[in-house]
Amino acid sequence: MAPPVTPASPWFRRFHPRPDAEVALVCLPHAGGSASSYFSLSGRLSASADVLAVQYPGRQDRLHEPCLDSVRDLARGVAVDLERLVAGRPFALFGHSMGAAVAFELALLRRREGARAPHALFLSGRGAPPCGTDRGIRFLDDDGLIAEVRRLAGTDALVLDDPDLVELALPSLRADYTAAETYDAGPGAVVHCDIVALTGDGDDHVGIADAEDWRDHTTGAFDLRVFSGGHFFLGEHEPRIAEIVGTALRAAERPRPGARGPGARGPGARGKEDDRARSIRDAG
């Protein structure tokens, strides 16, 4: 893996620089994850977008910075340089697990501040608020925390088998689980952009109904994509996921015929069960 390009911001990395692209994609990692977890997806999408992967403090090249244990603090950190780096272009947010919560909070923050809304949110591996995601993992001892991470298979086994690397990773893991388990979007948590929810049919933390409930948190269109697999279904289905995201990014490059304003409900509006069924079959 070539060294990433750091675009004058500690929060962002470019693995396949396309600063001249017409649209940008911002990718937010899961708990315990880093910007490099999106290296492969960035490569697949680099022809379609300027892919910016977020690097949270407390890991890899930000190892000596204090970890943040709040989704809101993580979103505020990302927000500082976001507008400068997307440079007025349409952009989408992609977040997995805790990253989905950060993506959603970032969109809410921009709405509160009157900033441009993302073209779309891709919210993967997390149920909509107030989905019960507090399982108390943050209170486990070190061995219990590592056992949970190993069970989910979201971190390289080589890291988990090296005591020195585990010691380095534990502070960020515990902070991330605290952020993920204590996030509360608050009342009226609705964004004015399309939402695509992605989930694994074997994820024992996120039920399909939990993912479908994201439709209640947008005034835009909603789509549900269900894949075979558990919590980290992304790797197995990355080509299909890249296709779905790439299609949305290409649509953002130009006005959509017949596009409606932000107050309109799209094809995911409550009550259209045929749309829900189509989404599940398409990605199954």
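Predicted model: local features only at pLDDT ≥ 70, side-chain atom pairs only at ≥ 80, totals over all residues.
Residues are numbered from 1 along each chain as its sequence is written, and side-chain values use heavy atoms, with hydrogens and water left out.

Next, colour by burial. Of the 284 residues in the protein, 53% are buried (under 20% relative accessible area; exposed is over 50%, and partly exposed lies in between, with a 1.4 Å probe and protein chains only). Among contacts with a separation of 6 or more, 80% are between residues 24 or more positions apart (contact: heavy atoms within 4.5 Å).

Select residues 50-54, strand S3; five of its five residues are buried, so the strand is largely enclosed by the rest of the structure. Asp50, Leu52 and Val54 lie on one side and Val51 and Ala53 on the other, and both faces are covered.

Strand S1, residues 12-13, runs antiparallel to S3 and is joined to it by two bridges; phenylalanine 12 has valine 54 as its bridge partner. Strand S2, residues 24-28, pairs with S3 in the parallel sense over four bridges, and here valine 26 is partnered by leucine 52.

Now include helix H1, residues 39-45: S2, H1 and S3 make a right-handed β-α-β unit (with the strands pointing away from the viewer, the path from the first strand over the helix to the second runs clockwise).

Select the cysteines next. The structure holds zero disulfides (a pair of cysteine sulfur atoms within 2.5 Å). Cysteine 27 is buried, at 0% relative accessibility, and cysteine 193 is likewise buried, at 4%.

Finally, visit two loop residues. Most residues other than glycine have a negative phi. Glutamine 60 has a positive phi, near 45 degrees; this residue sits in the loop between S3 and helix H2 (71-86) and is partly exposed, at 46% relative accessibility. Alanine 87 also has a positive phi, near 55 degrees. Alanine 87 is in the loop between H2 and strand S4 (91-96) and counts as exposed, at 54% relative accessibility.

Definitions and conventions:
Pairing = 2+ DSSP bridges.
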